Amino acid sequence: MTEPVLLVENLKKYFEIGKRQILKAVDDVSFTVARGEVLGIVGESGCGKTTLGRTVARLYKPTSGKIVFDSEDTTNKSDAKLLGFRKKLQMIFQDPYASLDPRMTAGEIIAEPIDVHTLARGSERTERINYLLNLVGLNPEHANRFPHEFSGGQRQRIGIARALAVDPEFIIADEPISSLDVSIQAQIVNLLTRLQEERGLSFMLIAHDLSMVRHFSHRVAVMYLGKIVEIAPSGKMHASPLHPYTKALMSANPIPDPVVENSRTRIALPGEVPSPIDPPPGCRFAERCPHAHDRCREEEPVLKEAETGHRVSCFLY
Amino acid sequence: MVERMEHTTTNKEFNQALTPGKPGKPVKPAETLLSIEDLHVSFHTYAGEVRAVRGVTYSVEQGGSLAVVGESGCGKTVTVQTVMGLTPIPPGHIKGGKVIFNGQDLLQLSEKQMQSIRGKHMGMIFQDPMTGLNPTMAVGRQIAETVQRHQNVSRGEAMERAVEMLSLVEIPNPRVRANQYPHQFSGGMRQRAMIAMALACEPLLLIADEPTTSLDVTIQSQILDLLQNLQERLGMTILLISHNLGVVARLSKSIVVMYAGKVVETGSSSDIFYNAAHPYTRALLRSVPRMDREIRGELASIPGTPPDLFQPPEGCAFAPRCKYAMKVCTKCDAQPIKLGDNHYVSCWLHHEANPNNPFENKSENGGRNSD
């Protein structure tokens, strides 16, 4: 594989909350994304997947670790110096109702990044806006409308057009479809797949929906309580997951087929995800893990290669 | 250890309490418990009349599990809210139809009469357990309140019952938990508490409106297990509202598919999942990727968006998005056509006068999961 477009090493993002308590949202995470690759990040709420995305996008300042994007270390750059980086990396957000300014028209929303980066002026700018609207399946007439005049799916299209306005290389999409209806989800996923393939975009897709992640990603990383517990090519991850948490997560995800669904054996996980404020020592999954033994509660496993390209952080392998 | 023992006794008692034949409980197996007939509900807004429910008919059998699936705004929630008598009037307006529950037309009852049925014979759990629970009241007290409202028991007895219910829904340390407030509960625990509250008076019907939508998958799985267990043990009737086809596949025996305020198809779970007849149902099923399949590429998406219910289309509401739409579809709405025992579809393609039904030969493409 050629040099990865994104390299993340031992990234930590801690938040100080209240009386000197520390919430370890992302705790020592390392991974790479190759050019033109889609990396899916899955996990349940509170696992740190959104914080990871925002830290990589440098919306948050990392606590420690290293982020190298396009051979450029962006870990500690100031906002002013990040302008060039932001032109290459864009984000798509979960809630298209909250992520679009209600007082701006769709055209203004899409034009903003063009203006910030002074990419086009005058008629060229208008042309670019129209081109972007067309690209995401909207009409140029939509440019003068306000967000409230659009449906959820259309709003998400505006969000995608805004992200594409600067012609980025890399997109971080944080739950881009979870607020949409099923039939609209498919439209947006198809749009993202088409854009990804046509433009050779690299993606970090953050989602909780395993089936969507499987559909769209080349590789998948599973997070639990601030850590990546398993990372593997998408097909491999779904065919033969190794980590007990991944197995449980997959078995919990219902399949829309009653015969398959009623004949599956499910791994029921006891309890709930512990607080990331005081994560348990040793393996963070140990207290819910059906295979946990003494070592798991004392020593923390590290992510290591179990098979080619398939890394897992568990003493069983 | 003590709690564990309590737990078992409770279940037994609860089981006995709901055994058919108990005096005063009109329980007869395999009978229609709830039947909704040609229900029309509109909302009057400043922008005009929203025809949210436009002639919905379906029924739930005693001890059955029926799921209503459809996208946001299809009227699935408004229908059950009307059943529960929870539709705000105004702006809501029930334009016609009947809701027969246990032999009684609920739409003819006064609010006072509804209050004696709601919570007692019908329980409901909502999507967001935080809005369903009172944040200023201890969880056990809230459950006890329901019990006291409907049963002639003392405050202490009602509280005892609340603790029993919390252990029935598998909340650890129910006695301690009963004195805690909703914010001290996690999302999954809150939903369990909601279920406990809905079941406290041993209702004949449990309406679950998107019960797991706000939960994580592993917690969702726990809640679904709980509902499944409770249904098997208590012979409870569940009416599930969901947009998640996976959840529906797991929990429900029969399915109603709604679109734009109308029922487009009803049938058993296998009718709908393997022999779907309505183009909307088929498209919906194909638009969800499956975790057990490896396909990257185009998902079958449905073009366009659902219609505006201020001015619902004249003919079939799905016609503008339907690739099989014929001339008749845009003019007249199809009536339900019987395809099998309990399988009905409202689609002109299946009308006997249509010579080229694209779905006629269902076995040709392998039957299940195909189109």
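These legends walk through close-up views of a predicted model. Local features are described where pLDDT is at least 70, side-chain atom pairs count only at pLDDT 80 or more, and totals for chains, interfaces and linings use all residues. Residues are numbered from 1 along each chain as its sequence is written, while chains are lettered from A and ligands numbered from 1 in the order in which they are written.

**View 1. The largest nonpolar core has 201 residues.** A nonpolar core is a set of buried Ala, Val, Leu, Ile, Met, Phe, Trp, Tyr and Cys residues joined through C-beta atoms within 7 Å. Buried means that 20 or more other C-beta atoms lie within 10 Å of a residue's own, with C-beta atoms placed from the backbone; exposed means 12 or fewer, and partly exposed is in between. The residues with the most contacts inside this core are A:Leu205, A:Val222, B:Ala162 and B:Ala196. Helix α8 of chain B (residues 187-199) gives the most to this core, with eight residues. Domain 1 (2-252) and domain 2 (257-365) of chain B both contribute residues, so the core lies between them; these bounds come from an automatic or database domain assignment.

**View 2. Meet the surroundings of A:Leu205.** Apart from neighbours within four places in sequence, A:Leu205 is in contact with A:Val38, A:Gly40, A:Ile41, A:Ala173, A:Val213, A:Phe216 and A:Ser217. Contact here means that the C-beta atoms of two residues, placed from the backbone, lie within 7 Å.

**View 3. Here chain A touches chain B.** In this view, 35 residues of chain A are in contact with 41 residues of chain B. On the chain A side, the largest share, six residues, comes from α6(A). Helices (H or I, at least four residues) and strands (E, at least two) are DSSP runs, numbered from the N terminus.

**View 4. Helix α3 of chain A spans residues 106-116.** Among its buried residues are A:Ile109, A:Ile110 and A:Pro113. The cover over the buried residues of α3(A) includes α4 (122-135) and α5 (152-164) of chain A. Just after α3(A), look for A:Thr118, which takes a positive phi of about 35°.

**View 5. Strands β11 and β12 of chain A run antiparallel.** Three bridges join β11 (residues 304-307) to β12 (residues 310-312); strands pair if DSSP finds at least two bridges between them. A:Glu305 has A:Arg311 in β12(A) as its bridge partner. Two residues lie between the strands of this hairpin, where A:Gly309 takes a positive phi near 75°.
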